[in-house]
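Please read this report beside the sequence and the model. It goes from the whole chain to its parts and then to single residues.

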Amino acid sequence: MKTFIFDLDNTLYPESLNVFGLIDHRINRYMHEKLGIPEPEVDVLRRLYWKIYGVTLNGLMIHYNVDPEDFLEFVHDVKLHHILKPNQRLRTSLENLECHKVIFTNGSTRHAENVLSALGIDDMFEQIFDVRVAYFKPKPFPEPYLKILEILNVHGKDCVMIDDIPENLRTAKNLGMKTILIGTHNGHDFIDYCLEKACIIGEIAGSEI
Ligand SMILES: [Mg+2]
């Protein structure tokens with residue numbers, strides 16, 4: 001049986017709901033209020049850290065000696081239930097997908113649990129892998145992917161990865177996984193399938209993958 005590895009944010013719900021905007025705001029607050037970084041410099045630093053380290057957290061750990069647990073706790077302290085509602089179509093689609101299902105997020109497990117609970121699908125996944133899985137090395141670096149394959153004791157060819165960020169799927173493809181992009185296909189050869197939204201995944205799974 002295949003293992004489907006699902007990204008969380010902007011994959012299981014649409015980007016247009018702007019959940020990340022809430023977290024984004026908390027990250028800015030953390031950098032300004034807790035670390036004393038002047039507000040005009042926050043965005044510049046974040047863009048730099050994204051480019052070099054993949055996520056803001058790693059830059060803050062290296063340059064500001066930030067405790068990652070403190071950071072994750074603070075930035076994911078957002079209320080989601082007024083934005084995310086139970087999604088029966090997504091639930092049915094996941095129920096019909098005969099495979100192992102896990103979550104792989106660059107956020108925290110607590111955030112993943114909040115999102116899954118708000119969407120009414122918190123019992124659909126066997127395991128949640130968060131940014132801690134490879135000592136805070138995020139997607140698309142290969143380390144967390146390799147760690148997940150090791151923990152699940154499966155090979156890349158036995159997995160299908162679903163994500164809204166093409167670069168995250170490039171690494172998956174390099175490790176032999178099938179890839180499904182949630183969003184618009186932009187011609188990358190490492191993307192096997194492209195879906196407008198996750199709730200129609202049942203329509204291509206099964207026979208094709
Ligand atoms: Mg995502």
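## Basis

This is a predicted model, in which local features need pLDDT of at least 70 and side-chain atom pairs count only at pLDDT 80 or more, while totals for chains, interfaces and linings use all residues. Residues are numbered from 1 along each chain as its sequence is written.

## Overall build

The chain has nine helices and six strands. Helices (H or I, at least four residues) and strands (E, at least two) are DSSP runs, numbered from the N terminus. The radius of gyration of the chain is 17 Å, close to the 17 Å that the globule rule gives for 209 residues, so the chain is as compact as a globular protein of that length. That radius is taken over C-alpha atoms, and the globule rule is 2.2 Å times the number of residues to the power 0.38. The C-alpha trace spans about 55 × 35 × 30 Å along its principal axes.

Of the 209 residues, 35% count as buried. A residue is buried if 20 or more other C-beta atoms lie within 10 Å of its own, exposed if 12 or fewer, and partly exposed in between, with C-beta atoms placed from the backbone. Two residues are in contact if their C-beta atoms, placed from the backbone, lie within 7 Å. Among contacts with a separation of 6 or more, 59% join residues 24 or more positions apart.

## Domains

The domain assignment gives domain 1 (3-13 + 83-204) and domain 2 (19-75); such bounds come from an automatic or database domain assignment. Taken over C-alpha atoms, the centres of domain 1 and domain 2 are 24 Å apart. Their contact takes 10 residues from domain 1 and nine residues from domain 2.

## Nonpolar cores

A nonpolar core is a set of buried Ala, Val, Leu, Ile, Met, Phe, Trp, Tyr and Cys residues joined through C-beta atoms within 7 Å. The largest one has 35 residues, and those with the most contacts inside it are Ile-5, Phe-6, Leu-12, Leu-119, Val-160, Met-161 and Ile-162. Helix H6 (residues 109-119) supplies the largest share of this core, five residues. Apart from this core lies another, of 11 residues, including Leu-60, Phe-71, Val-75 and Phe-136.

Leaving aside residues up to four places away in sequence, Phe-6 touches Thr-11, Leu-12, Lys-101, Ile-103, Phe-104 and Ile-162.

## Helix H8

In helix H8 (residues 166-174), the buried residues are Asn-168, Leu-169, Thr-171 and Ala-172. They cover an arc of only 155° around the axis, which puts them on the same side of H8. The arc is that of the directions from the helix axis to the C-beta atoms. Helix H7 (142-152), strand S4 (159-163) and strand S5 (178-182) are among the elements that cover these buried residues. After H8 comes Gly-176, with a positive phi near 95°.

## Backbone exceptions

Most residues other than glycine have a negative phi, and most peptide bonds are trans. Which peptide bond is cis, with omega near 5°? The bond from Lys-139 to Pro-140 is, and Pro-140 is found in the loop between strand S3 (127-129) and H7.

Tyr-135 is placed in the loop between S3 and H7 and has a positive phi of about 55° although it is not a glycine. Tyr-135 is exposed, with 12 other C-beta atoms within 10 Å. Asn-153, in the loop between H7 and S4, has a positive phi near 60°. Asn-153 is exposed, with 7 other C-beta atoms within 10 Å.
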